[in-house]
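Open the structure in your viewer and keep the selection tool at hand. The stops below say what to select next and what is there.

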Amino acid sequence: YMINGSLFASSDERLKTFGDDIKVDLDKLAQLPKKYFTWNNDPCKDIQIGTSAQELQKIAPELVVENENGYLAVSYEKLSVVALAAVDKLYEENKELKERLKKIEEHLGL
């Protein structure tokens with residue numbers, strides 16, 4: 001939907017059947033190239049940001065589609081949800097580390 005100049009996608013829970021939570025492999029995700037690039041056919045050579053569909057396909061094939069000419073495309077909309085899952089995982093790891101540090105500091109009397 002386009003509302004007041006902003007693009008929205010349907011996401012109402014009443015329209016969905018949910019499955020498992022997204023599992024993120026942070027090591028693999030960190031290896032995914034995050035690059036500035038220009039399109040080969042852009043005469044203005046405007047700087048863009050993105051990743052490699054071929055590399056992403058190895059990690060999360062559900063985020064990549066192939067068109068009729070054999071070129072790959074990335075669903076950046078879906079990739080943003082994977083990024084949110086990565087943030088959740090990092091948040092949990094950070095919380096655990098803070099708790100461990102607190103116990104160590106208490107043990108050392110700091």
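**Stop 1: Pro-61 and Val-64**

Select Pro-61, which sits in the loop between helix H2 and strand S5 (64–66). Helices (H or I, at least four residues) and strands (E, at least two) are DSSP runs, numbered from the N terminus. This is a predicted model, in which local features need pLDDT of at least 70 and side-chain atom pairs count only at pLDDT 80 or more, while totals for chains, interfaces and linings use all residues. Residues are numbered from 1 along each chain as its sequence is written, and side-chain values use heavy atoms, with hydrogens and water left out.

Pro-61 has a relative accessible area of 47%, so it is partly exposed.

Now select Val-64, in strand S5. Is Val-64 buried or exposed? Val-64 is buried, because its relative accessible area is 9%. Draw a distance from Val-64 to Asp-42, 22 residues apart along the chain; their C-alpha atoms are separated by 23 Å.

**Stop 2: the largest pocket**

Select Phe-37, Trp-39, Thr-51, Ala-53 and Leu-72. These lie nearest the centre of the largest pocket, which is lined by 17 residues. The elements that give two or more residues to this lining are strand S3 (35–37), strand S4 (48–50), helix H2 (53–59) and strand S6 (72–74). Which of them gives the most? S6 does, with three residues.

The search for pockets runs on a 1 Å grid over the protein atoms alone: a pocket is an open set of points where a 1.4 Å probe fits, with protein on both sides within 12 Å along at least five of seven lines, and lining residues have an atom within 4 Å of a point. The volume of the largest pocket is about 460 Å³, a volume being the space filled by probe spheres set on the points, which are joined across faces, edges and corners.

Colour the lining by class. It divides into nine nonpolar, seven polar and one charged residue. Here Ala, Val, Leu, Ile, Met, Phe, Trp, Tyr, Cys and Pro count as nonpolar, Asp, Glu, Lys and Arg as charged, and the others, Gly among them, as polar.

**Stop 3: the second largest pocket**

Select Ile-22, Ala-60, Glu-62, Leu-63 and Val-82, which lie nearest the centre of the second largest pocket; its lining has 14 residues. Helix H1 (26–31) and helix H3 (76–108) are the elements that give two or more residues to this lining. H3 supplies the largest share, four residues. The volume of this pocket is about 360 Å³. By class, its lining has eight nonpolar, no polar and six charged residues.

**Stop 4: two salt bridges**

How many salt bridges are there? The count comes to two, a salt bridge being a side-chain nitrogen of Lys or Arg within 4 Å of a carboxyl oxygen of Asp or Glu. Side chains of opposite charge can pair when their charged atoms come close.

Select Asp-12 and Arg-14, whose closest N and O atoms are 2.6 Å apart in the salt bridge. Asp-12 is partly exposed at 30% relative accessible area, and Arg-14 is exposed at 75%.

Then select Lys-58 and Glu-55, the other bridge, with closest N and O atoms 3.1 Å apart. Both residues lie in helix H2, three residues apart, about one turn of the helix. Lys-58 is exposed, at 62% relative accessibility, and Glu-55 is partly exposed, at 33%.

**Stop 5: two positive phi angles**

Select Asn-4, in the loop between S1 and strand S2 (6–7). Its phi is near 50°, a positive value in a residue other than glycine. Asn-4 counts as exposed because its relative accessibility is 79%.

Finish at Lys-45, in the loop between S3 and S4. Lys-45 also is not a glycine, and has a positive phi of about 55°. With a relative accessible area of 40%, Lys-45 is partly exposed.

Terms used
Buried means under 20% relative accessible area, exposed over 50%, partly exposed in between (1.4 Å probe, protein chains only).
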